[in-house]
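Thanks for coming, everyone. I have one structure to walk through today. Please have the sequence and the viewer open.

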Amino acid sequence: MPIALLTKQGEALLASNETPWQVYPRPQMKRDSYLNLNGWWEFSAGNAEVSRKIRVPFCPESQLSGINQHFPEGVPLIYRRNFTLPEGFRKDRVLLHIGGADQIAEITLNGQLIGRHEGGYEAFCFDITFALQEENCLEITCTDDLRDKSLPYGKQVMKRGGMWYTPVSGIWQTVWLESVPDRYIRRLHIDTKDAAVTISTEPFLPGTVTVPGLGAFPLGSTITLENPHFWSPEDPYLYEFAVETETDRVESYFALRTLDVREIHGIPQLCLNGKPYFFHGLLDQGYWPDGLFTPAHPDCYAEDILAMKKLGFNTLRKHIKVEPEEFYYQCDRLGMVVFQDMVNNGKYSFFRDTVLPTIGLQKLPDRGLHRDPQTRKRFLNAMAATVKQLKNHPCICYWTIFNEGWGQFDSDNVYRQMRKLDNTRFIDSTSGWFRRKKTDVDSRHVYFKKVKLTATDKPLVLSEFGGYSYKPEGHVFNTEQTYGYGKFENAEEFAQAVERLYKDEILPARGQGLCAAIYTQVSDVEDETNGLLSYDRKVCKLDAKRMSAIAELLK
């Protein structure tokens with residue numbers, strides 16, 4: 001029977017009833033104008049005459065939203081709120097930003113249609129200047145239909161269970177307003193190479209980049225740093241800077257770090273800053289018991305990251321989800337590498353995508369799979385949007401295109417398209433199995449059997465393994481159902497099993513050229529009880545001293 005769990009931050013939010021998520025939502029491009037529209041909105045579903053209150057930015061399925069209900073597929077979810085602009089806020093133009101809304105959003109302001117956005121995992125923005133009045137009524141209508149598999153949906157299903165989770169709909173990230181001049185910076189392009197950085201704007205505007213301690217430089221010029229300070233999980237150094245044009249000013253940061261593949265003693269290795277680096281990581285689903293897609297407070301991200309660093313980990317594989325930029329900022333700031341997945345679409349087949357490859361049948365051709373042109377187009381559009389949105393974050397070192405065949409199609413050509421989008425990071429075209437020719441790594445998933453790996457022609461990555469289950473009493477979502485890859489009854493049995501796995505299987509593979517190992521997973525999620533943290537984040541199942549000792553052996 002499912003049990004309602006709350007994180008400590010969720011408990012605090014419900015007790016205080018304060019406006020949630022008041023941090024600046026775009027940490028890599030800050031302006032002095034910012035108006036947060038989170039908090040209580042009017043909410044109705046379909047043709048319901050009686051409206052309810054919903055707490056934005058939490059999806060209606062979550063406890064923190066105040067609704068705690070999933071509505072039938074395709075039923076429009078209607079959000080309304082009034083606002084006035086603070087005195088002195090407005091410059092020339094006013095932009096409405098929505099960090100994420102699943103899956104299709106239509107916006108009207110004072111009865112005028114503003115625009116429509118498709119895709120549940122990326123941020124979007126509309127210029128609302130033409131429709132503004134002294135008193136304003138904003139309406140956002142979201143529709144979500146998981147029967148349509150052409151839009152990316154991740155691990156959401158209509159009937160959750162096992163490794164598939166409660167569906168999410170509607171607004172799930174911050175809604176905010178920004179005031180800008182007529183000629184404003186829409187986007188920053190931060191390109192680093194070795195000890196140099198080039199910062200430019202979209203659209204191109206003449207102006208100045210000022211880096212404290214280094215000086216001022218023309219926008220678009222290449223800045224070469226003497227005595228460069230390179231970023232790593234052990235030393236996450238960030239350079240702050242400001243961009244000023246004739247009419248606009250934004251603040252941001254960059255980091256210097258290099259990624260390449262080098263042959264060491266005849267074995268290809270993933271290298272960070274010119275040296276072989278072992279990416280000791282965890283699968284991170286990004287789900288929360290009280291907010292589902294959205295933690296109760298932005299600090300929850302930092303707490304998860306620091307908890308995993310304390311256990312000796314340096315990498316998170318962000319699995320089948322794109323997070324608010326606050327997550328990536330905290331990884332940049334605190335020093336946590338991110339392996340970022342694209343979000344899957346297309347129909348999943350348990351037999352084709354899981355059973356056959358698990359028993360060793362991994363030669364399935366992918367040119368004939370997921371042939372629907374709209375499904376393919378929507379995946380490629382979402383992939384491009386994900387890279388565009390996250391590309392400036394130095395923590396991201398690795399893109400995963402397809403996971404275990406989910407939605408996989410024509411992966412060699414998709415790899416080429418990803419390489420055009422970003423030529424600076426490692427690319428894992430096919431995580432787990434169904435490998436084709438075009439990929440930067442040999443990516444394997446190993447469950448239900450011993451990890452026995454040897455070097456190949458590509459850097460060897462164990463992109464999923466482990467997944468042992470232990471259920472700390474009083475901190476599990478489902479007391480009746482257990483999902484994991486090995487079950488342990490108490491904390492010490494669980495700890496010993498995890499230690500044996502690393503010492504007996506991962507360490508020997510490291511000696512055979514293993515470059516990265518991603519254990520499943522950071523936290524429990526609903527029926528999945530294979531996390532190192534309980535779902536409510538109140539219990540860490542492993543001892544930091546014992547796990548840090550293992551991390552030292554893996555270096």
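**A walk through the model**

Let's start at Leu64, which sits in the loop between strand E3 (52–56) and strand E4 (77–83). Before going on: this is a predicted model. Buried or exposed, then, for Leu64? Leu64 is buried, because its relative accessible area is 0% and the cut-off is under 20%. What does Leu64 touch, leaving out residues up to four places away in sequence? The list is Gly10, Leu13, Leu14, Arg55, Phe58, Asp290, Gly291 and Ala296.

The peptide bond leading from Val56 into Pro57 is cis, and omega is near 20°. Now jump to Gln103, in the loop between strand E6 (101–102) and strand E7 (104–109). The bond from Asp102 to Gln103 is cis too, with omega near -5°. Why point these out? Because most peptide bonds are trans, and most residues other than glycine have a negative phi.

Asn227 has a positive phi, near 50°, and is not a glycine. Look for Asn227 in the loop between strand E17 (222–224) and strand E18 (239–245). Asn227 is exposed, since its relative accessible area is 73% and the cut-off is over 50%. Ile320 has a positive phi as well, near 55°. Ile320 lies in the loop between strand E24 (315–318) and H3. Ile320 is buried, at a relative accessible area of 4%.

Next, the helices. Helix H2 (residues 299–310) packs on helix H3 (residues 325–334) at an angle of about 40°, and the axes are 9 Å apart. That angle makes H2 oblique to H3. The crossing of H2 past H3 is right-handed. Which residues meet there? From H2 we have Tyr301, Ala302, Ile305, Leu306 and Lys309. From H3 we have Glu326, Phe327, Gln330, Cys331, Arg333 and Leu334.

Ring pairs join Trp21, Trp288, Tyr301, Phe327 and Tyr328. Phe327 has a charge over its face as well: Lys318 is there, 4.4 Å from the ring centre. Elsewhere, Lys149 puts its charged end over the ring of Tyr153, at 4.4 Å from the centre.

On to aromatic pairs. How many are there? The count is 39 aromatic pairs. Phe124 is buried, with a relative accessible area of 8%. Phe126 is buried as well, at 17%.

Now compare Phe379 and Phe402. Stacked is the label here: 5.0 Å centre to centre, with 15° between the planes. This pair links distant parts of the chain. Phe379 belongs to helix H5 (residues 373–390), and Phe402 belongs to strand E26 (residues 396–403), 23 residues apart. Phe379 and Phe402 are both buried.

That's the tour. Questions, please.

Note on methods:
Residues numbered from 1 in each chain as written. Predicted model: local features only at pLDDT ≥ 70, side-chain atom pairs only at ≥ 80, totals over all residues. Heavy atoms only, no water. Phe/Tyr/Trp six-rings, centres within 6.5 Å; stacked < 30°, edge-to-face > 60°. Buried < 20%, exposed > 50% of the residue type's maximum accessible area, 1.4 Å probe, protein only. Helix = DSSP H or I, 4+ residues; strand = E, 2+ residues; numbered from the N terminus. Lys NZ or Arg CZ within 6 Å of the ring centre and 35° of its normal. Axes fitted to C-alpha atoms, helices over the stretch in contact; angles between N-to-C directions. Parallel < 35°, antiparallel > 145°, perpendicular 65-115°, else oblique. Left-handed = near helix turned anticlockwise from the far one by under 90°. Contact = heavy atoms within 4.5 Å.
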